[in-house]
Protein chains: 2
Amino acid sequence: MSLLKKRLPAEVDLPLHTQAYLQIRDAILAGKLPPGAPISRRSLAEQLKMSTLPVSDALLRLESEGLVESRPRAGTRVKIPTVSEINGNYVVREALETHSARLFAELASVRDRKRLLKMSRDLDRCYLLLGRTTTPDADKHSAAEKLHLEFHMLVAEATGCKELAAAIERSRVLLFNWLFMTTGDYIPLPPRWHGELAEVLVNGTPDEAAEKMRVHVRYRKDAVLAKFESLHAADQQLSKAIARGPQRARRQSALLILRRD
Amino acid sequence: MSLLKKRLPAEVDLPLHTQAYLQIRDAILAGKLPPGAPISRRSLAEQLKMSTLPVSDALLRLESEGLVESRPRAGTRVKIPTVSEINGNYVVREALETHSARLFAELASVRDRKRLLKMSRDLDRCYLLLGRTTTPDADKHSAAEKLHLEFHMLVAEATGCKELAAAIERSRVLLFNWLFMTTGDYIPLPPRWHGELAEVLVNGTPDEAAEKMRVHVRYRKDAVLAKFESLHAADQQLSKAIARGPQRARRQSALLILRRD
DNA sequence: AACCAGAAACTGATATTCCAGTTTTCAGAT
DNA sequence: ATCTGAAAACTGGAATATCAGTTTCTGGTT
């Protein structure tokens, strides 16, 4: 049984290494390949019906983007971030998103401002529902995060600067993946959390927008970091073994859900 | 005659594709492969004494970083940026560097603050000398820009966040390369330009540092953009031909200095 | 049981080879 | 001279095969 779809016909005219990149990336982001999961070029090539060469190209690219880590001649796996890397990611994100917010307040179109307000209401409603459910649902959680991503990308794209939007997306993709590691207990957000943010972005001065966004980005940072630290501590020996260790893990842990077909 | 060094012995234990990446990148940044220069995987592989495969891997990586552009089955060349891309690069850089300045003011060590002040004096002196010379010297220009890069990297590294420093370096490397396209007439800087910046970073509040850095980053932006626009306009048909056109250009222009051995 | 060495299995890296698409060249027609 | 079109040259993409390093397995020793 394969974890991946086989050759979407829609992507048929892209180079194989691009198809491989997109499909592996999607599999990781969808949680089919969770952090720590070993990746075999050969079996992946078989599943994707291509040679190992385009798969290697795709993995090289994913590695340079920080989604995957590889040790020469030993193995490749979905990257398990360190606490320091997560912290660094948040720092970069704060830089990019505060600037994005500033530019949005300065030059977003009326149409985009209205769209942002509407999306903020949807998002708040979505999180509210999520907070009420007794049993944590991974799918709903994932859907909410996807909407959250869309919200921030709307802000970035409304600035009209593609490069800024791309940089923010890169930064967010990593965090998006890592959030699945902590899925289970949900970190609650204040009510109207995004509504208030959108309000300031739409009607506030650029400085106010930037500062509001700064608070927004920082809000989850400490909670996420603390959770990662406790996970790493609880699982110290496994974590250490994995740091330089084998590719094919056979044990499960609170931190990792590893699969071996 | 080869443009590239052949296999540095110091890098001998790195994977070949990494060696290729480093050497090609250095060749581009040193101006041996100027923007627009065609890149042949086969001849490059021969020069580097390896097969085309690691060279392809290296070029794929350089492409994802924006230093090189490739059209399937047509050719690869050092990237010629558009005006919009240069503008986007400046936007991202402003976001990263203002945040870097803010963090520096907040938590840089005394040692790093002193080092920054010293370097700012050296840098100002360097630019002063550059402004006085009658004939523009590409080597001196390059040396000054290298020092300039070091200055900003010191600020970034003193924040203690590796990911932020890496993001700033990526962003700056592109501009560094593009600046060589405009070498010839020098855009003068006010005296004590970096001295004043360093002063605020070292002694000012985080907000003051961020705003000072914002002004600093924006200063050259308009001048650089204007120059690029005029170059593109003056060279419109060639520029257009190149946009989708042939790999091996045989003509020279104000914009491009293309080589064919 | 715990341990250790050697064999087997697997891994990523690389060379070689071939293929199909693009560009260039150049002879022949206008 | 200028245009045209077919062939030649070159390009990047991909498959296959092989190599050397790492990890895992296995069976014998203590």
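These legends accompany close-up views of a histidine and several salt bridges in a predicted model.

Local features need pLDDT of at least 70 and side-chain atom pairs count only at pLDDT 80 or more, whereas totals for chains, interfaces and linings use all residues; side-chain values use heavy atoms, with hydrogens and water left out. Residues are numbered from 1 along each chain as its sequence is written, while chains are lettered from A and ligands numbered from 1 in the order in which they are written.

**View 1. Surroundings of His148(B).** His148(B) sits in helix 6 (residues 138-158) of chain B. Helices (H or I, at least four residues) and strands (E, at least two) are DSSP runs, numbered from the N terminus. His148(B) is buried, at 7% relative accessible area. Buried means under 20% relative accessible area, exposed over 50%, and partly exposed in between (1.4 Å probe, protein chains only). Its side chain makes a polar contact with the side chain of His194(B), at 3.1 Å. A polar contact is a pair of N or O atoms within 3.5 Å; within protein, one must be able to donate a hydrogen and the other to accept it, and residues adjacent in sequence count only if both atoms are side-chain atoms. Beyond neighbours within four places in sequence, the residues in contact with His148(B) include Leu123(B), Tyr127(B), Arg172(B) and Arg220(B). Contact means heavy atoms within 4.5 Å.

**View 2. Salt bridge between Arg220(B) and Glu145(B).** The closest N and O atoms are 3.2 Å apart. A salt bridge puts a side-chain nitrogen of Lys or Arg within 4 Å of a carboxyl oxygen of Asp or Glu. The pair links distant parts of the chain: Arg220(B) belongs to helix 9 (residues 206-234) of chain B and Glu145(B) to helix 6 of chain B, 75 residues apart. Arg220(B) is buried, with 12% relative accessible area. Glu145(B) is also buried, at 8%.

**View 3. Salt bridge between Glu94(A) and Arg218(A).** Here the closest N and O atoms lie 2.9 Å apart. Glu94(A) is in helix 4 (residues 83-107) of chain A and Arg218(A) in helix 9 (residues 206-234) of chain A, so the pair ties together parts 124 residues apart in sequence. Glu94(A) is buried at 3% relative accessibility. Arg218(A) is partly exposed at 39%.

**View 4. Salt bridge between Glu69(B) and Arg77(B).** The side chains meet at 3.1 Å, N to O. Glu69(B) is partly exposed, at 23% relative accessibility. Arg77(B) is buried, at 6%. Over all chains, the whole structure holds 28 salt bridges.
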